[in-house]
Structures are given as C-alpha cells and as structure tokens.
Amino acid sequence: RHDLGEYYTPDWLAELTLDRLGYEGKPKDALLDPACGSGTFLVLAIRRKIDYCRNVEKISDDTLLHVILDTIKGIDLNPLAVTAARANYIFAIDELLHYYPRGREIPIYLADSIYPPQSSKDINNPNVRRFRTVVGDFEFPIDVESEAGMSYVAQFLHDHVEKDHGFDSFVEKLKLSKKYIDKELFDSKGEVKEENLKIFRKAYDELVNLKIQKRNSIWATIIKNAYMPLFLRDFDFVAGNPPWVNWESLPDGYRKETMYLWENCGLWRLKKKGGMETILGKSKRDLSTLMLYESMRRYLKDGGKLGFVIT
C-alpha cells in the first residue's frame, strides 16, 4: 500500500468532499474518481444519484440504472482495488440490477489515469498509441478514439484469438460493426484502412503468440482497460483521494517516462544545470500533485469542479 500510495478514505471525509463540491446527484452530472481505490466516492455518488433521481426528478428505475452507468466512473492502477470497487459498485446498485443491460460492463477501469498509452514518437509509424506490459508493447490505431470503439475492438480481438477464427474473420467483424466503431478506422469504401490493418495484424499475432505460450488470455481485456482514460473526458465533477507517493519512491522507469508531464503542467522547468530528477528529489514533490493537474487537464470539462483529499 505504501508503494502505491494507498490510503483508503473514510465515508465521512468523502461525504464532506462531495458536499463542498456541490455534487447532488443530478441526472446529467458526470463524476469520475481517477484513483478510486475500493470505490468509496463512487458508492456515495451513486447513493446521491439514486436519491435525487427518484425523489426529485421522478426517474424510473430502468432509466436510472443507465444514468448511473453513464455518469459515474472510476479508474485505479491496483487490480485488487478495481475488483473491490466493481463489487462495491454492484452492491450500490443492487436494487436496480433487474434492469442491468446484457453485456454492459461496470465502468471502473484498471488503468493509469496519469499516464495512459502514448502516441508513438516513431516518425515511420505515427498512427499508433503504444501500451507497455510485462509481455511486451501493444499498439492500437490512433483512429480508435472512443470508449465504445475500444470496447468493441478489444472484445472482437479476444473472441477471435480464443476461438481461432483467424485474422480475416476479425476484419470482417469490424466491417459488419461499423456503426458501433469509430468511422475514422475505415476508408470511403467502408474498408479498414491499410495502415490500421497492419497495426491490428501485429496486435492479433502478439495475442495469438501469447495464447500458444499459455500465458493466459486476459491481455485483450487489460489492453482495453489501459486505453480507457484516453476516452474519458468532460466530467462535471472529478473527486477522490489521489495516491500519495513521493517522487523518490516512484520506480525509475516511471519517473523517466512521466518527467515531461511535470514540466508540461508547469510544476517544474528543466534547467541546464541539474536535471529535473535532481530538482524533484530535493523538493519531496508528491505524485498526488501531478494527478491533480493531469485530472484537471484530461478529465474535467470547462466550468467543472474538482475535489481531492491531498497533502
């Protein structure tokens, strides 16, 4: 828990934060917790949403369930925390589960809300976003630019690899599902663009190879979750308890990869004498500060409100 900066928030403090934000649970008010832990803020937001929509707006339960799933979402980097948060989310909507839509996922994602997959810096292959894992790098077309599109593409990849349907069958499935997937993936004739085919082919072959090695079949799901922060935006409220991790305690690789974010957020300026690593190390700067800035930049809409429990 120390390495991940996890300090779970008591209900009273989360309630106070939501009160100060002015979050009442109105139907259209969208809320994200970018470091949701076990889901404390999400559960309390759901309770407020149920109460407001039933008692003030008089919304039916079947509509209310869709409102909750569309407007209350979370992200966390710890798989155990995500599992707990998803379970708590289900408990919070237990009285509405009769109306739960088939195939709809609980909107809590296993991902890095500060540093999601990055656009390639390779001038020979600029049309991809790269995601690093312990089994190697995965790449997806930059033309996949929506939450729904990513969900469909990743699910199709998983199904076709697991059932040995072949890559051509996967491409046909994409074409048959054009109305659900980002139109930028296709050319004017409705065919998958050639550059996107090459990227998908590489990802497909990598997943097949992992299956042959018996290195389990969860990678398509992991990839889908990792990319989700790229598509979550324009929230009315961002609330939570970000990870409290000092710069010195971050892994070396993560420090180097995110160094430009500290500078881009205006937290530090690189100097000719002494690198940013030296400056940050001396300052005892905390990762929660970077998450504050990145959460505002990435997820909060203009005029939105953010409330964090922060050092």
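A: By class, the lining of the second largest pocket has seven nonpolar, three polar and six charged residues, where Ala, Val, Leu, Ile, Met, Phe, Trp, Tyr, Cys and Pro count as nonpolar, Asp, Glu, Lys and Arg as charged, and the others, Gly among them, as polar. The model is predicted, so that local features need pLDDT of at least 70 and side-chain atom pairs count only at pLDDT 80 or more, while totals for chains, interfaces and linings use all residues. Residues are numbered from 1 along each chain as its sequence is written, and side-chain values use heavy atoms, with hydrogens and water left out.

The second largest pocket has a volume of about 370 Å³. On a 1 Å grid over the protein atoms alone, a pocket is an open set of points with protein on both sides within 12 Å along at least five of seven lines, a cavity is a set where a 1.4 Å probe fits but cannot get out, and lining residues have an atom within 4 Å of a point. Grid points are joined across faces, edges and corners, and a volume is the space filled by probe spheres set on the points. Of the 16 residues that line the second largest pocket, Gly103, Arg104, Glu105, Ala148 and Ser151 lie nearest its centre. The elements that give two or more residues to this lining are α3 and α5 (147–162), and α5 gives the most, with six residues; helices (H or I, at least four residues) and strands (E, at least two) are DSSP runs, numbered from the N terminus.

Among the residues that line the largest cavity are Leu157, His158, Val161 and Glu162, together with Trp219 and Ala220. Two or more residues come from each of α5, α7 (194–212) and α8 (219–227), the largest share, four residues, being that of α5. This lining divides into six nonpolar, three polar and two charged residues.

Helix α3 (residues 61–71), in turn, packs against helix α2 (residues 40–55) at an angle of about 140 degrees, with their axes 11 Å apart. Axes are lines fitted to C-alpha atoms, for helices over the stretch in contact, and angles run from 0 to 180 degrees between N-to-C directions. The contact, meaning heavy atoms within 4.5 Å, is made by Ile46, Lys49, Ile50, Cys53 and Arg54 of α2 and by Asp61, Leu64, Val67, Ile68 and Thr71 of α3. These contact residues divide into six nonpolar, one polar and three charged.
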